[in-house]
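The following report describes a single protein chain and moves from its overall make-up to selected local features. Please keep the sequence and the structure in view while reading.

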Amino acid sequence: MKCYPIKLQFFLVLVAIQPESLYTIFVIILYMFNFNYKSIDFAHKLDNSTTPSENFERHMHYFNEVIFFVSGDVDYHVESESRKLSPGDVIIVPSGKFHFAVCNLNQPYERYVLKFPDKILPGFLVDFIKNCSSFYSDMMKYHLDFSTLDDFYSQFKNEEEIYALFIGGLIKFLIYLSKEGQESFTTTRQNDIIKKVIDYIDKHLNENITLESLCEHFYFSKSYLSNCFKKYMNTPIMQYVRSKKIIIAHRMIMNGMKKTLVAEQLGFENYSTFYRDYRKIIGLSKKEQVKK
């Protein structure tokens, strides 16, 4: 269990008071936290050019992620969609979805980041996350729900209590979000070619997908498809395919399926290739870490 101490950020705001033209300095304390306990990782983060808290490189993972954007100059990408974020935007990233942020850290980048597995949610919310929009706009009305997480973290010392409160807050937020109408789905930029390629890959992950088979299906040359995908997604297309397969493989293994059978069902040519990719993307199991 990792439990990090509260980090404090101070902002100085100068306010003119007339008619004396004196200035009163107000100090606003913003409580930042990072709560990594059991299967969840919830954080309130603030980054700028001198104190970045994370690497914004392109990636995907085997858990879900909810981001509530507070402020900053950020373009966010989820698969083939991208959006210039506005305060109050919500980003939903299901497991296995490729995503990244392009940030101008000359402006502070503040957001809440909630990472969690399917198993802590009721089934109808798991389905919602898998099928919902990636971007929701004008959701500033939920800012209070997220700022309440700061209160939970600062007021309670017992990790089990914080864990229960955080999960309850997440479930409440997702239920309300699931009731939002179509007008809440924000417009995004999208590359139609990349979307078609990604949709095809998602539907054929249990097959032996190769660059040749993709080019044959879409009638593209290898160089065109490779360059187009790399330019837009900034990752090689076959690396993307392998990563998606490994995320699904991890779910299957966590559900009790043997790794050799998983490799076979997901179309890997041999087990050694599968295991090498699995260790690279997911990492070592606890048992393997002890042996090492």
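Predicted model: local features only at pLDDT ≥ 70, side-chain atom pairs only at ≥ 80, totals over all residues.

The phi of Asp138 is near 55°, a positive value in a residue other than glycine. A second residue of this kind is Tyr219, where phi is near 60°, again positive in a residue other than glycine. Tyr219 lies in the loop between α5 and α6, and at 76% relative accessibility Tyr219 counts as exposed, because the cut-off for that class is over 50%.

The relative accessibilities discussed in this report for single residues are set out below.

| Residue | Relative accessibility | Class |
|---|---|---|
| Tyr219 | 76% | exposed |
| Cys215 | 7% | buried |
| Cys228 | 16% | buried |

## The chain as a whole

The secondary structure of the chain comes to 10 helices and 12 strands. Of its 292 residues, 43% are buried, and the chain exposes about 16100 Å², of which carbon and sulfur atoms supply 54%. When contacts between residues at least 6 apart in sequence are considered, 70% of them join residues that are at least 24 apart.

The cysteines can be treated briefly. Cys215 counts as buried at 7% relative accessibility, and Cys228 also counts as buried, at 16%, both values being under the 20% cut-off. With a disulfide taken as a pair of cysteine sulfur atoms within 2.5 Å, the count comes to 0 disulfides.

## An open antiparallel sheet

In which order do the 4 strands of the open sheet stand? The order is β9-β6-β7-β12, and the pairing is antiparallel. At the edges stand β9 (99-103) and β12 (189-190), each with a single partner strand, so that one side of each is left without a neighbour in the sheet. Strands of a sheet pair through backbone hydrogen bonds, either parallel or antiparallel. Within this sheet, strand β6 (residues 74-78) and strand β7 (residues 81-84) run antiparallel and are joined by 4 bridges, and Val78 stands opposite Glu81 in β7.

Helix α3 (residues 159-178) has 20 residues, which at 1.5 Å a residue should span 28 Å, and its end C-alpha atoms are 28 Å apart, which agrees. The buried residues in α3 are Ile162, Tyr163, Phe166, Ile167, Leu170, Phe173, Leu174 and Leu177. Seen down the axis of α3, these buried residues fall within an arc of 130°, so they line one face of the helix. An α-helix has 3.6 residues a turn, so residues three or four places apart point the same way.

In helix α5 (residues 211-218), the residues Leu211, Leu214, Cys215 and Phe218 are buried. They cover an arc of only 95° around the axis, which puts them on the same side of α5. What do the buried residues of α5 pack against? Their packing partners are α4 (192-203), α6 (222-233) and α7 (237-254). Helix α5 is followed by Tyr219, the residue with positive phi described above.

Key
Residues numbered from 1 in each chain as written. Heavy atoms only, no water. Helix = DSSP H or I, 4+ residues; strand = E, 2+ residues; numbered from the N terminus. Buried < 20%, exposed > 50% of the residue type's maximum accessible area, 1.4 Å probe, protein only. Contact = heavy atoms within 4.5 Å. Areas by Shrake-Rupley, 256 points an atom, 1.4 Å probe, with all protein chains shown as cover. Pairing = 2+ DSSP bridges. Arc of directions from axis to C-beta. Expected span 1.5 Å × (residues − 1).
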